[in-house]
Amino acid sequence: MGYILGNATIITVDNDRRIIVDGAIVIKDSIISDIGKTPAMKAKYKDYEFHDMDNHIIMPGLINGHVHLTQALIKGCADDVSLIDFLANRIWRLMGSYNEEEARVSADICLLEMIKSGTTTFVETLLLSRYGLDGITDAVIESGMRGVLAKSVMDIATYASKDNIMCEGMIEDGDICLEQAIQWKKKSENAGDGRINIWLGPRPVGSTTKDMLQKVSKTANKHDMGIAIHFCEVKQDVIHMKNNYDQTPGDFAESAGILTDRTMLAHGIWLTKDDMQKLKKHKTTVVHCPASNAKLASGFCLVPELLEEGVNVALGTDASTCDNKYDMFDAMRLAAIIHKCRLLDPLVIPAETAIEMATINGAKAMKKEHLLGSLEVGKKADIITIDCNNPRLIPNTNPVSMVVYSAQGTDVDNVIIDGKFIVKDREILTMDEQAIMDKAKTIIKQVLSKTEINNKSKWKIV
Ligand SMILES: [Zn+2]
């Protein structure tokens, strides 16, 4: 027997981009089995349990295209510093000290925040062996989320420039990384009823040679894996490719074999029109992370230009050290706002486009648009409901505007993944939320103390 969510406004993101007023969605097992007007669905499925979603917006679960699970624990530990200082003196030292338990607690906190704010699928770009790959996989399976987990790959212990040396705890061997990724895939691909996929996550060009990226490309082809990589986040990446290979970013990525229809390039800030054409040719996705780019002063990803060129652009938060939240409502709002200001054009990135970037474009990036990213019959039942009984969301005369410009993650009150309620009336059903928060409070003290990082406020503590 299935169930119905009805009496709602449904933003389907289907091919016709229909918005169904007084709509109902019917769920059977893990699949959307029907969708339409509430009276018709109620009459057709009389025996199904009915959930009254009056004054709610129902929409596809959000897809966060660029996440770092293991940075949730160290949020607030690297604010208001330059990118190099951010990495070398904070992030690498903290994360390079992690044991498996600390990494698992960070992943749990991150998963909690993502699920409760309406994200149902995510792509994690850089998972080091020291975090405990099995523990991270278990965390995602137990949470009920759908996730792409990419094994980090690197062969140079620097980032961006050769003076920016990684700390010992972050350094891995490229060939060993590739073998670990293959073994991990054999063990965990499609675990959790198909919710887990294992990909390759090479580090940026300053940390990974072209030879190694070519090995990544061959491994991805042979073992049917996607590739997630930070690309052109900083100007030094472009300089590095020019100085070391005499190539533009597009030529470099193409000749390294990493431009595929299942590659997600995070940031893509310094791409030129020629580079964009190469991405379009290979159906490669750029993942826009507006808060991270702004806070780290990395620059503007040219999102309207990429979309105009026909490149698929998904949306991400990045880590909670550079976004400080894993809230995709925040990401949608920023993506819809900042490019208007940059181009002095209020018509670019309308709210509809921001929703597409956070849903169907993310599904396309993973080559899962036949299963995810919209509410259509036959697709996976990954669904969120937004409670609009709230002064910020009333009156709701335009649901798309409400979602992008007014809503926030805390307005999500139900999350369904694979047909199962994971959050019901704002309560998470798969995780012990209080126990995880208590553990995170204790374990961050341990991490800060062993790294001797002083994270006190600049203001006097009394
Ligand atoms: Zn990142």
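**Helix α3 and its contacts**

Guide: Let's start where two helices meet: E102, V105, D108, I109 and L112 of α3 are in contact with E433, I436, K439, A440, I443 and V447 of α17. By class, that meeting brings together seven nonpolar, no polar and four charged residues (Ala, Val, Leu, Ile, Met, Phe, Trp, Tyr, Cys and Pro count as nonpolar; Asp, Glu, Lys and Arg as charged; the others, Gly among them, as polar).

A few ground rules before we go on. This is a predicted model, where local features need pLDDT of at least 70 and side-chain atom pairs count only at pLDDT 80 or more, while totals for chains, interfaces and linings use all residues. Numbering runs from 1 along each chain as its sequence is written. Helices (H or I, at least four residues) and strands (E, at least two) are DSSP runs, numbered from the N terminus.

Back to our pair. Two packed helices are described by the angle between their axes and the distance between the axes. For α3 (residues 100-116) and α17 (residues 433-451), the angle is about 135° and the axes are 9 Å apart. Those axes are lines fitted to C-alpha atoms, for helices over the stretch in contact, and the angles run from 0 to 180 degrees between N-to-C directions. That is why α3 and α17 count as oblique to each other: angles under 35 degrees are called roughly parallel, over 145 roughly antiparallel, 65 to 115 roughly perpendicular, and the rest oblique. Their crossing is left-handed, a word for the near helix being turned anticlockwise from the far one by less than a right angle, with right-handed used if it is clockwise.

Helix α3 has another partner to look at, α4 (residues 133-143): the two axes come within 9 Å and cross at roughly 25°. So here α3 is roughly parallel to its partner, α4. This crossing is right-handed. On the α3 side the contact uses E100, A103, R104, A107, D108, L111 and I115, and on the α4 side G135, I136, A139, V140 and S143. Sorted by class, the contact of α3 with α4 has seven nonpolar, two polar and three charged residues.

L127 sits in strand β7 (residues 119-127). Because L127 has 26 C-beta neighbours inside 10 Å, it counts as buried (20 or more other C-beta atoms within 10 Å of its own means buried, 12 or fewer exposed, and in between partly exposed, with C-beta atoms placed from the backbone). V462 is 335 residues from L127 in sequence, and their C-alpha atoms are 39 Å apart.

Now step back to the whole chain. The domain assignment, which is automatic or taken from a database, gives domain 1 (3-60 + 374-428) and domain 2 (62-365). Their C-alpha centres lie 29 Å apart. Where they touch, 22 residues of domain 1 are in contact with 26 residues of domain 2. On the domain 1 side, α16, β17 (412-417) and β18 (420-424) each supply at least two residues. Helix α16 gives the most, with five. That side of domain 1 divides into 15 nonpolar, four polar and three charged residues.

N7 is partly exposed, with 19 other C-beta atoms within 10 Å, whereas H267 is buried, with 27. And the peptide bond from I394 to P395 is cis, with omega near 0°; P395 is in the loop between β16 (383-387) and α16 (399-406).

Conventions:
Two residues are in contact if their C-beta atoms, placed from the backbone, lie within 7 Å.
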